[in-house]
Number of protein chains: 2
Amino acid sequence: MAIPDNPESGPRRTRGRPRGWDDKTAQNTIKSLDRAMAVFDHVSRGSGLALSTIAAETQESPATIYRILVTLAGRGLVEFDAEAQLWHIGPHAFTIGTRFLRRTSLVDRARPVLRRLMEATGETANLGVEREGAILFVSQVETHASIRAFFPPGTLSPMHVSGIGKALLAAMPQDRLERLLAGQDFASFTEHTITDRDRLADELRRIRARGYAVDDEERNLGMRCIAAPVFDMNAEAVAGVSLSGPTSRVTPDAVVGLSGEVIAAAEALTRAIGGVARREV
Amino acid sequence: MAIPDNPESGPRRTRGRPRGWDDKTAQNTIKSLDRAMAVFDHVSRGSGLALSTIAAETQESPATIYRILVTLAGRGLVEFDAEAQLWHIGPHAFTIGTRFLRRTSLVDRARPVLRRLMEATGETANLGVEREGAILFVSQVETHASIRAFFPPGTLSPMHVSGIGKALLAAMPQDRLERLLAGQDFASFTEHTITDRDRLADELRRIRARGYAVDDEERNLGMRCIAAPVFDMNAEAVAGVSLSGPTSRVTPDAVVGLSGEVIAAAEALTRAIGGVARREV
DNA sequence: CTTGTGTTTTTCATATCGTGAAAAATGATT
DNA sequence: AATCATTTTTCACGATATGAAAAACACAAG
């Protein structure tokens, strides 16, 4: 299967581009609009909020909140439950929000995240998804170092020997986990491969606890791998981000520091595809 | 919109309710906010709009548009594609929008059911609810097959051309059915679309008899769909589960077998949300 | 390299319009 | 009825959103 990895392409009619498009330009924001959006966000989080509650929690005057809500309600972005006198997120917010899906491709969104991760750490960054009980590596940004982990996009790997695979297994509901493992034969690749079901269960517990998985020469001798899960809109783990490098650089000591970067990248990607992390649910 | 709302839900201290909550109170709206939301909506509709385009189409000054966009971008509601210099809907809009679905546990409960249905049949499984006389597809588990039915969550479809729509119509009390159909124009999508009121009545009788509905290329040529209704605690059909796939796989012969799976899934979901099927009443 | 063109930002002076305090309205509670 | 806890509305003020125009910018053409 060819992985469509289209780097820079398409129309490029760039004119009048400003220099810094970081967030320094955040001086030109409209204050009142920003505050209104904060209220919008707040309402969407809660499940039925009273006007007074919102006012208190957002530190705004009830009058202001009232006008914001009425305005948003006029466009269906929020909704008023007249029975219970509570404000909810409205249907049109859903309609607008789902329009985002039209242009979301996990792979495209992952590129900048992977690049940043590689640049921050100097190691090869990977993106993998689950396909038929195995991990399919779909995208990658390679390090510049001459000694590097190498496995091209398109590679398939059993779940129990890949960092991403273990990260996904650890983030999975129990029943689905069991169904997936039922079809596995726990093939051994190196002397470090986990081939025992109980040891894997232990490992998954550990992964859940610390938030990232490590493939410690379980697939290839001399290669270590750190991975974290990416969640979709349903808080289901749909992909994993990983960092892979030679054991000489990715030492057990280094893993601790690198894991932070990997987790941050996974979280950034989760946000970029409109996902929500398990714990936010 | 008939999504079962959990009646428990927090404080119910209803006081100081206003009289008319129609739209007469739309005098208290905030002008600038409303205009900003119009821009937001506009951006979400388009697929990549230039600042100048938005300004022209919304009749606002470029400067204003710029500030609105920068503000919204600060919250991830819109996004700026620096390559192409185009504005898009942002990931956070999606995040907020999907929170609409949390108002009901229906979607959450449906996930495992849909997944199992997909795995059992190999075809894409969908969940839809009725909203304003149309079917809103709110959740989906896609098949892995490369030839697949595709319509993203958030899609709206007239009731008479969707399997779920017909299943819901068939499970509806007569008076509500008539009220709903009154507002329909029976738009035709393919040569198989049912555009005649009497033929639809026949079809609904057939659906009631066998317990499932079939969309036989009535919406999209080459796509067949099998659907069954999901009931809430009041034995009202509040949602539908469907299976959709290409006519090459979902043949008339296959429909018989698949329908059993669909009905089972719908019944499982009915149980999962504490509903009761019509006949159990 | 210089000039020209179609963009996108920033500046700035102006009056619009959003704001909060407080009063009025409203329905639940006693 | 009277009281209370909310939610609307009113009102006067000044913060701030606004559009025009100028500046900054990228690219194309000369």
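This is a predicted model: local features need pLDDT of at least 70, side-chain atom pairs count only at pLDDT 80 or more; totals for chains, interfaces and linings use all residues.
An α-helix has 3.6 residues a turn, so residues three or four places apart point the same way.

Strand β1 (residues 78-81) and strand β2 (residues 86-89) of chain A are paired in the antiparallel sense, with 4 bridges. Within this pairing, A:D81 is placed opposite A:L86 of β2(A). The hairpin made by β1(A) and β2(A) has 4 residues between the strands, and A:Q85 in the turn has a positive phi of about 60°.

The next element to consider is helix α4, where chain A meets chain B. Two packed helices are described by the angle between their axes and the distance between the axes. For α4 (residues 91-98) of chain A and α4 (residues 91-98) of chain B, the angle is about 140° and the axes are 7 Å apart. The crossing of α4(A) past α4(B) is left-handed. Which residues meet there? From α4(A) they are A:A93, A:F94, A:G97 and A:T98, and from α4(B) they are B:A93, B:F94, B:G97 and B:T98.

Further along chain A there is an open sheet of 6 strands, ordered β5-β4-β3-β8-β7-β6, with antiparallel pairing. The edges are taken by β5 (156-158) and β6 (213-216) of chain A; each has a single partner strand, so one side of each is left without a neighbour in the sheet. From one strand to the next, the twist averages 30°. Inside this order, strand β7 (residues 223-231) and strand β8 (residues 237-246) of chain A form an antiparallel pair over 9 bridges. In that pair, A:A227 stands opposite A:S242 of β8(A). Helix α5 (residues 106-121) of chain A packs on the sheet and touches β3 (124-131), β4 (134-141) and β8 of chain A. The direction of α5 makes about 65° with that of β4(A).

A:E203 lies in helix α8 (residues 197-210) of chain A. Is A:E203 buried or exposed? Its relative accessible area is 7%, and because buried means under 20%, A:E203 counts as buried. The side chain of A:E203 has a polar contact, at 2.7 Å, with the side chain of A:K166. Leaving aside residues up to four places away in sequence, A:E203 touches A:K166, A:I194, A:R210 and A:V214.

Some totals complete the picture of chain A. Its secondary structure amounts to 9 helices and 8 strands. Of the 281 residues in chain A, 51% are buried. Where contacts link residues at least 6 apart in the sequence of chain A, 58% join residues at least 24 apart.

Note on methods. Residues are numbered from 1 along each chain as its sequence is written. Chains are lettered from A and ligands numbered from 1 in the order in which they are written. Side-chain values use heavy atoms; hydrogens and water are left out. Two strands pair if DSSP finds at least two bridges between them. Helices (H or I, at least four residues) and strands (E, at least two) are DSSP runs, numbered from the N terminus. Buried means under 20% relative accessible area, exposed over 50%, partly exposed in between (1.4 Å probe, protein chains only). A polar contact is a pair of N or O atoms within 3.5 Å; within protein, one must be able to donate a hydrogen and the other to accept it, and residues adjacent in sequence count only if both atoms are side-chain atoms. Contact means heavy atoms within 4.5 Å. Axes are lines fitted to C-alpha atoms, for helices over the stretch in contact, and angles run from 0 to 180 degrees between N-to-C directions. A crossing is left-handed if the near helix is turned anticlockwise from the far one by less than a right angle, and right-handed if clockwise.
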